[in-house]
Amino acid sequence: METRTGVCNLCEATCGLLLTIEPTADGERVSGVRGNPDDPLSRGHICPKGVAIGDVHADPDRLRRPVRRVGDTWVELGWDEALDLVADRLAATVNEHGEDALAIYLGNPNVHSLGSMTHGVALAQSFRTRNKFSATSVDQLPHQLVGYLLYGHQLLLPVPDIDRTSYFLVLGANPMASNGSLMTVPDFPGRLRELHARGGRMVVLDPRRTETAKVADEHHFVRPGTDAWVLLALLQVLFAEGLTRPPAYADGLDDVERLVADVTPELAEQASGVPAGEIRRIARELAAADGAAAYGRIGVSTQEFGTVCQWAVQMINLVTGNLDREGGVLLTEPAIDAIGRGLIGRGHLDRYRSRVRQAPEFGGELPVSVLREEIETPGEGQVRALLTVAGNPVLSTPDGAALDRAIQGLDFYVAVDIYVNETTQHADVILPPTTLLERDHYDLVFHLLAVRNTARFTPAVLAKGRDQRHDWEIFRDLYLRVTRRRRRKPPLKRRLVAEARMRMSPTFLIGMLLRTGRSQTTLTELRRHPEGVDLGPLRAGQLPGRLRTRTGRIDALPAIVAEDVARLRERALPRDGELLLIGRRHQRDCNSWMHNTDRLTRGKARHQLLMHPADLASRGLSDSAVVTVRSRVGEVRVEVRATDDVMPGVVSLPHGYGHGRAGARLGVAAGVAGVSINDLTDPERLDVSGNAALSGVPVTVS
Ligand SMILES: Nc1nc2c(c(=O)[nH]1)N[C@H]1C(S)=C(S)[C@@H](COP(=O)(O)OP(=O)(O)OC[C@H]3O[C@@H](n4cnc5c(=O)[nH]c(N)nc54)[C@H](O)[C@@H]3O)O[C@H]1N2
Ligand SMILES: Nc1nc2c(c(=O)[nH]1)N[C@H]1C(S)=C(S)[C@@H](COP(=O)(O)OP(=O)(O)OC[C@H]3O[C@@H](n4cnc5c(=O)[nH]c(N)nc54)[C@H](O)[C@@H]3O)O[C@H]1N2
Ligand code: SF4
Ligand SMILES: [Mo]
């Protein structure tokens, strides 16, 4: 038995771990997992998923060798054979039908893998297809658009200074279950206790009385999709009552004041159900607090007015003087500044549009809501082949059932994934990389979004399995093989530089980045301190210096936002008796995977539709009945659970369920199969950013 330092990458909290390792007949296994108390960011925190991280490594369902689908069965292939086959087919598609004939989808675990960040993104870009998609457009695209418009970079996103704030306003987020997002905040429960001990308050707006709402000082139900009204009304009160103290580097605040002048709390109450008096009081408290942070996440991103919401959240912080202020919201200073060093581009908007629906790109990606029509609509530029990496869009994107059918009509589909899931079951070839515990890790993304400046390099905890490949090696080998086979090759010099870079390991690149930047640490120091190095609390005084806008100032009212507020005003308010569907996350869920580990699935089932008792009664339905839920695009049958934790007029299904499609293959227990919420969500409902409006879908229940 031996203890090794590791890290969890199953959610954005990135907790430090201590793993107990035991020898086995053919290697080693994890026999125990605890939080690492010496980790300066996570301070010993761990959740049930972190404890289950060894289950992924040991999982007999996990793929360890390339497989090829032959009818309904899988046949193992050698790596060279598999990579050659994939490269032949991808290159042939592009050579015959053009670059856009290949679609690429990058799923969530990519941002949690160093190799994906250093090599996967580069591989995807090298294909030069316009049909590039990712989980971004079912998640945080509005944040990125607003970061780009206001601060000049898609990832220049201020983080709530939760360790010092005295007023925390939370909309559409459930960090008690999710452990935070676009706010890397391990041990949220502990940090909240400290906030309360300082005399601070947390106020939550959510259509469901969530785990977070239950530990808040105040919770208000808000009708799904109507937060924009509440946020604009908060701004209206701040302006009308002279409570603003904006920074000198912001322009256009008069325009913002005019924009919201008639959005009174009374109007917002009509739309949202949040009492006008409460909106007024919250605005005054935000302005008076000694450091306040407004924060909005999935519930206010994945809805029809996600961009207006995220813009308004930023505006509230800005006009109350809480942007770039201790206890407000702050920019991080990571040891590898992926923004400052240009590793992640600023973003760009509408350089091209999708072929069928003319949806604008953002940052080189199209909204994944258009993927199905790009596969199924014939003509020049039609998608004929697909590469997915660490994704499950059949369960995670709107109208997944239709996408499921479309994928089966492709000429060729290759997945880089560790499982046969509801999407990859249709792949012609699956290339499975090693898992987290077998690879070195440095977080290029989440240090950037963390509530404290720290740096941590985690060497692989376990040796890589026999005849396995790391993801970066797969990306490298695909890059080299496909480039060789392509008719239109990049110019020789560019190719040689790119090839040389693809041959460098992620760890080598991290060492180089730490050496050459103005980093506060080195790889040598990080290797000596695998628990992580503390670089101190977030610091104020970074603005306007770190703005990446062309003027070096903030233009407070981007035209896109002003126009979308006009669209909001025209939107009819929800009708009485209408039911709106929202999603939810449970602490022991990990998006659509890890439903095959006993540790996370035993106990009470949690896939049910939540519905208010009054809504059940008015339909003559009873608790635990199996009901049919219908939306414009589809229907599902699922058990209903009566609870007054959801607002009347709102029903909730968890996302990432619905394993019936491939359940047997996944080894998922029947009890956790559930149904997919995305068989009900609608790819026609988009925010102005192109993000799917997954929340607030009109449904009927019978
Ligand atoms: N209705 C609704 N839909 C949603 C959401 C919602 O709240 N409501 N949430 C959205 C959000 S925020 C997200 S991020 C998306 C997630 O959606 P996706 O990113 O499409 O899917 P995941 O469920 O994260 O599945 C990831 C897959 O990656 C594989 N995997 C895990 N680790 C690795 C690895 O190290 N390497 C490789 N190559 N593969 C790996 C697993 O097999 C798993 O099947 O779903 C979105 N969809
Ligand atoms: N345990 C666990 N943790 C996770 C994940 C997981 O699957 N399981 N996934 C990870 C990922 S990929 C992400 S992106 C993050 C997401 O992190 P969070 O955003 O904190 O995640 P959710 O729990 O989906 O919280 C969204 C909340 O929005 C509410 N909501 C829905 N519609 C509306 C609305 O119109 N208005 C308002 N105000 N609220 C609304 C929902 O009721 C829900 O409570 O979580 C990450 N962490
Ligand atoms: S909160 Fe849980 S899932 Fe998230 S990083 Fe920590 S241990 Fe892993
Ligand atoms: Mo996400």
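**Burial and packing in a predicted model**

The protein chain has 25 helices and 30 strands, where helices (H or I, at least four residues) and strands (E, at least two) are DSSP runs, numbered from the N terminus. This is a predicted model, in which local features need pLDDT of at least 70, side-chain atom pairs count only at pLDDT 80 or more, and totals for chains, interfaces and linings use all residues. Residues are numbered from 1 along each chain as its sequence is written, and side-chain values use heavy atoms, with hydrogens and water left out.

User: Why is Thr 93 called buried?

Analyst: Buried means under 20% relative accessible area, exposed over 50%, and partly exposed in between (1.4 Å probe, protein chains only). Thr 93 has 9% relative accessibility and therefore counts as buried. Across the protein chain, buried residues make up 62% of the 702 residues.

User: Where is Thr 93 found, and which residues is Thr 93 in contact with, leaving aside neighbours within four places in sequence?

Analyst: Thr 93 belongs to helix α3 (residues 79–97). With those neighbours set aside, Thr 93 is in contact (heavy atoms within 4.5 Å) with Gly 98, Ala 101, Arg 384 and Ala 385.

Note on methods. Chains lettered and ligands numbered in written order.
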